[in-house]
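Subject: Structure for your review

Dear colleague,

Please find below the structure I said I would hand over. My findings follow it, arranged by topic.

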Amino acid sequence: MRTFPALRLVAFLMAGVLVGTIGGRLLTEYARQAELARLPPPPVRVERPCGPVSGKTAIIVVHGQSNAANYGSARHAAREAVDNFDPASGKCFAAADPLLGADGMGGSFATHLGDILIQDGRYDRVIFVPLARGGASIAFLNNEAAELITNGIAKLKQAGLTPTHILFQQGETDAVSTTTAEQYASQLHQLVKRFRAAGFNAPFYLSRSTKCDYVGPNNIAAVRAGQLSAVNDALNIRPGPDTDTIGNEGRSPDGCHMNEAGTLANAVLWAAFVK
């Protein structure tokens, strides 16, 4: 008879912990959305011709989840000849955050990256093609959201543009799931094959990204192992930067998304791989 009150007490305490955890996450996400809501309206878009392109033009697809999808806390407008190819309209615009094609309303590392590549003398023009979606798992991007790649490929072909690089920054969502290393690598290979089947053979750079403190990732080791094992010479999948090296000094209070310093640091990390 006395076990029932004890069980009720344990259940109550467990429920309290669960509610507290969920509540904490919801409050963090609320704070995140409130932070982005304080940003000014998106800039007026300045259309530019997509062509012609030269051998000194980099055409860079940026895919993945939030840290590749305009979720930075500070926006940046490119100072150099950096353009944003919009997969919806098939047109090019002067690159200014939030970049057209991704779903966030904040800043992107890509805008900074374009400036770095031109200032470093590697290219005289950079065109970014954003496809990333916040909160997306590798399975979601490869299945339900496969249209992002299908449409991007079609619009690029219509515009006569062929990617020179594909950058993929993703993994935080899988780091809170049960995705195995083998599943991650398999899904990633299927995703890359969509580009290869279309004749887009640009090197595919894969970051190692799992850090997102506010959701308490507990599957980091498996995802990072999957990202490492997904590197594949036959598919021209190459290792990219380890963005987990950007600590909380470069993150928003959620320990996940990038603040202004982190967004720039992310761009610098990527610049080391874009040759």
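Is Ser 137 buried or exposed? Please bear in mind throughout that this is a predicted model. Ser 137 has a relative accessible area of 18%, and buried means under 20%, so the residue counts as buried. Its place is the loop between β5 and α3 (138–142). From there, the side chain of Ser 137 reaches the backbone nitrogen of Phe 140 at 3.0 Å. Leaving aside residues up to four places away in sequence, Ser 137 touches Gln 170, Thr 173 and Asp 174.

Overall composition

The protein has 275 residues, of which 51% count as buried. Its secondary structure comes to 7 helices and 8 strands. Of the contacts between residues at least 6 apart in sequence, 79% join residues at least 24 apart.

Helix α2 spans residues 109–119 and is mostly covered, with 9 of its 11 residues buried. The buried residues are Phe 109, Ala 110, Thr 111, His 112, Leu 113, Gly 114, Asp 115, Leu 117 and Ile 118. Several elements contribute to this cover, including the strands β2 (57–64), β3 (82–86), β5 (125–130) and β6 (165–169), together with helix α7 (260–271).

Both ends of α2 deserve a remark. Just after the helix, Gly 121 takes a positive phi of about 85 degrees.

Helix packing

Two helix pairs are described here. In the first, α2 and α7 pack with their axes 8 Å apart, at an angle of about 50 degrees. That angle makes α2 oblique to α7, and the crossing is right-handed. On the α2 side, the contact is made by Phe 109, His 112, Leu 113 and Ile 116. On the α7 side, Thr 263, Leu 264, Asn 266, Ala 267, Val 268, Trp 270 and Ala 271 take part. By class, the residues of this contact divide into 8 nonpolar, 3 polar and no charged.

In the second pair, the axes of α5 (residues 181–197) and α6 (residues 220–229) come within 7 Å and cross at roughly 40 degrees. These two helices are therefore oblique to each other, and α5 passes α6 in a right-handed crossing. Ala 181, Tyr 184 and Ala 185 of α5 meet Ala 222, Val 223, Ala 225, Gly 226, Gln 227 and Ser 229 of α6. This contact has 6 nonpolar, 3 polar and no charged residues.

Arg 45 is found in the loop between α1 (3–37) and β1 (47–48). With a relative accessible area of 24%, Arg 45 is partly exposed. The C-alpha atoms of Arg 45 and Ala 96 are 8.0 Å apart in space, while the two residues are 51 apart in sequence. Not counting residues up to four places away in sequence, Arg 45 touches Phe 93, Ala 96, Pro 98 and Leu 100.

The side chain of Arg 45 reaches the backbone oxygen of Ala 96 at 2.8 Å. Pro 98 itself belongs to the loop between β4 (91–94) and α2, and a cis peptide bond joins Asp 97 to it, with omega about -5 degrees.

Further backbone features

A cis peptide bond also runs from Gly 51 to Pro 52, with omega near 0 degrees. Pro 52 is found in the loop between β1 and β2.

Positive phi values also occur in residues other than glycine. One of them is Asn 70, with phi near 70 degrees, in the loop between β2 and β3. At 1% relative accessibility, Asn 70 counts as buried. Asn 236 likewise has a positive phi, near 55 degrees, and its place is in the loop between α6 and β8 (237–242).

Yours sincerely

Key: Residues are numbered from 1 along each chain as its sequence is written. This is a predicted model: local features need pLDDT of at least 70, side-chain atom pairs count only at pLDDT 80 or more; totals for chains, interfaces and linings use all residues. Side-chain values use heavy atoms; hydrogens and water are left out. Axes are lines fitted to C-alpha atoms, for helices over the stretch in contact, and angles run from 0 to 180 degrees between N-to-C directions. Helices (H or I, at least four residues) and strands (E, at least two) are DSSP runs, numbered from the N terminus. Angles under 35 degrees count as roughly parallel, over 145 as roughly antiparallel, 65 to 115 as roughly perpendicular and the rest as oblique. A crossing is left-handed if the near helix is turned anticlockwise from the far one by less than a right angle, and right-handed if clockwise. Contact means heavy atoms within 4.5 Å. Ala, Val, Leu, Ile, Met, Phe, Trp, Tyr, Cys and Pro count as nonpolar, Asp, Glu, Lys and Arg as charged, and the others, Gly among them, as polar. Buried means under 20% relative accessible area, exposed over 50%, partly exposed in between (1.4 Å probe, protein chains only). A polar contact is a pair of N or O atoms within 3.5 Å; within protein, one must be able to donate a hydrogen and the other to accept it, and residues adjacent in sequence count only if both atoms are side-chain atoms.
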